[in-house]
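Visitor: I would like to learn how to read the features of a structure like this one. Could you take me through it step by step?

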Amino acid sequence: MKTAIWLYFFMFVAFFDLHAQYPILTPFALSLGAAPSFIGLIMGMYSLTHLPGNLLAGYGVDKYGSKLFIVFSLIVAGIVLIFQSQVKDPWQLLMIRSISGFVLAFLSPACLSMLAKIAKDSVHQSKLMAGNGLIHTLASVVSPAAGAYLVAQFGFTVSFTLLGWLLIVTGLLSIPWLKETRPEAAAPPLHTGAGSAGKSVSAAISRKPGSGGTEAAAPSPGSQGTGRKAAQLHAPVAHNSGGLDGDADKIPWMFYFVPLAISCSQGILFFELPLMKTTQSSLLTSGLFFSLISLGALVTLSMLFLNRIPPAHRTVSGALALAVLFFGLAVDWPLPLTVTLFMIGMAKGLIFPSLATLLAGITNSNRYGRVFSLLSIAYSIGAFIGPMVAGKLRDSISPYFIAFVILMAALTLLPFRILRQKPAAV
């Protein structure tokens with residue numbers, strides 16, 4: 001439990017630092033002379049360079065553990081942010097944000113993998129993922145307003161420098177305080193209650209071919225019936241822990257269109273909100289709107305009873321609600337903007353933890369790094385497409401309507417057999 005608490009603390013500081021940039025990045029790019037379409041490219045490139053980092057993180061986390069990548073990501077991202085405070089033109093900002101996107105791509109898969117591995121069971125796993133969403137949301141409630149306040153008081157250069165040093169210090173503190181249990185050292189729990197017979201069969205089944213023993217050792221005399229039942233219980237674990245094919249059967253590729261669409265709609269919102277007439281007059285107004293979204297997510301995450309609902313159902317209902325809200329923004333419905341943004345936050349608070357819980361529940365622990373890296377890749381592609389499309393088409397069509405269409409298309413393509421997927425053995 002101590003590991004989870006420290007991990008939540010470091011994640012809070014990291015997310016606070018990152019979300020503080022959302023309301024100030026667009027005005028900063030405008031101050032450098034960037035056009036709205038180029039701002040979309042800057043925001044999109046940050047997400048595009050996530051892709052190689054996500055791919056490396058997937059295999060690296062499974063092989064070397066999460067701590068190394070968490071420390072690396074925090075410290076190097078802080079250094080890059082300090083360099084960002086010194087840029088003089090939009091092209092330099094594009095380059096810096098591209099580097100930052102690659103470096104920070106390691107953070108999310110590493111944190112999610114560590115949380116999933118320390119869980120005792122599927123319910124505990126769901127609570128830890130909800131805790132991740134809660135910490136993320138708590139940081140994002142206060143950080144946009146804090147970032148806007150910093151810029152209003154000290155300017156862009158000092159603000160980015162302070163945020164950069166905050167990341168560096170957090171990364172250094174995580175070295176002694178963040179403890180990690182390597183996956184090889186964690187033995188799978190036994191559920192047979194068969195004493196030494198169950199242990200001998202479990203150990204025999206877990207042996208690999210060529211390791212000096214047979215894959216199915218005979219049970220001790222007098223325990224054949226118990227041993228046979230134990231073997232039947234453990235056999236699916238040996239089967240499911242195989243190569244990519246087993247997980248590919250469980251998680252259809254079309255499933256990843258849902259996180260892609262959700263991230264795309266979020267990127268559109270983060271691009272468009274600072275450019276709206278109601279927010280252009282004041283950085284503080286823009287920061288408060290971003291904080292309002294996070295406050296709505298915090299409300300949903302505080303509803304602990306939602307963890308009893310299957311994560312697939314939460315994902316679908318949250319995405320559908322999000323699509324309706326973006327349609328309302330597109331047609332300029334009479335609901336106040338503040339209420340709509342609050343409800344968008346509530347939908348996000350429902351979706352993001354349930355997506356992580358769903359993947360963790362149907363995936364074996366020795367593949368968490370790769371599966372969560374695929375989730376991060378889907379997020380990255382969506383976050384790249386969203387601002388780019390919004391920047392190009394905002395003069396001819398509402399970006400919010402684009403978000404609505406993408407979300408509905410993803411829900412239409414969703415393979416609904418995932419709703420009936422059974423949890424995988426850990």
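What follows is a conversation about helices, contacts, the core, cavities and a few individual residues.

Visitor: What kind of model is this, and how are residues numbered?

Guide: This is a predicted model, in which local features need pLDDT of at least 70 and side-chain atom pairs count only at pLDDT 80 or more, while totals for chains, interfaces and linings use all residues. Residues are numbered from 1 along each chain as its sequence is written, and side-chain values use heavy atoms, with hydrogens and water left out.

Visitor: How many helices and strands does the secondary structure of the protein chain come to?

Guide: Helices (H or I, at least four residues) and strands (E, at least two) are DSSP runs, numbered from the N terminus. Here the protein chain has 19 helices and 0 strands.

Visitor: What percentage of the residues count as buried?

Guide: Buried means under 20% relative accessible area, exposed means over 50%, and partly exposed is in between, with a 1.4 Å probe and protein chains only. Of the 426 residues in the protein chain, 52% count as buried.

Visitor: What percentage of the contacts join residues at least 24 apart?

Guide: A contact means heavy atoms within 4.5 Å. Among contacts in the protein chain between residues at least 6 apart in sequence, 85% join residues at least 24 apart. L374 is found in helix α18 (residues 368-393) and is partly exposed, at 25% relative accessibility. Not counting residues up to four places away in sequence, L374 touches W253 and Y256.

Visitor: Which residues have the most contacts inside the largest nonpolar core?

Guide: In soluble globular proteins, nonpolar side chains tend to be buried together. A nonpolar core is a set of buried Ala, Val, Leu, Ile, Met, Phe, Trp, Tyr and Cys residues joined through side-chain atoms within 4.5 Å. The largest one here has 102 residues, and I70, F326 and F372 have the most contacts inside it. Leaving aside neighbours within four places in sequence, F326 is in contact with S265, L269, I344, Y400, A403, F404 and L407.

Visitor: How many cavities does a search of the whole structure find?

Guide: Rolling a probe the size of a water molecule over the atoms shows where empty space is left. On a 1 Å grid over the protein atoms alone, a cavity is a set of points where a 1.4 Å probe fits but cannot get out, and its lining residues have an atom within 4 Å of a point. Grid points are joined across faces, edges and corners, and a volume is the space filled by probe spheres set on the points. The search finds 4 cavities of 30 Å³ or more, and about 1200 Å³ of space lies in the largest cavity.

Visitor: Which residues lie nearest the centre of the largest cavity?

Guide: They are F15, H19, Y22, H136 and Q266, from a lining of 47 residues. For classes, Ala, Val, Leu, Ile, Met, Phe, Trp, Tyr, Cys and Pro count as nonpolar, Asp, Glu, Lys and Arg as charged, and the others, Gly among them, as polar. By class, this lining has 26 nonpolar, 19 polar and 2 charged residues. H19 is found in helix α1 (residues 2-19) and is buried, with a relative accessible area of 10%. Leaving aside neighbours within four places in sequence, H19 is in contact with H136, S140, S143 and P144.

Visitor: Which helix gives the most to the lining of the second largest cavity?

Guide: α17 does, with 3 residues. α15 (283-302) and α17 (337-361) each supply at least two residues of that lining. About 90 Å³ of space lies in the second largest cavity, whose lining has 7 nonpolar, 3 polar and 1 charged residues.

Visitor: How many disulfides does the count come to?

Guide: A disulfide is a covalent bond between the sulfur atoms of two cysteines. The rule asks for a pair of cysteine sulfur atoms within 2.5 Å, and the count comes to 0 disulfides. C111 is buried, with a relative accessible area of 5%, and C264 is buried at 2%.

Visitor: What is the phi of D332?

Guide: Most residues other than glycine have a negative phi, and most peptide bonds are trans. D332 has a positive phi of about 55 degrees although it is not a glycine. D332 lies in the loop between α16 (311-330) and α17 and is exposed, with a relative accessible area of 65%. W333 lies in the loop between α16 and α17 and is partly exposed, at 26%.

Methods
On a 1 Å grid over the protein atoms alone, a cavity is a set of points where a 1.4 Å probe fits but cannot get out, and a pocket is an open set with protein on both sides within 12 Å along at least five of seven lines; lining residues have an atom within 4 Å of a point.
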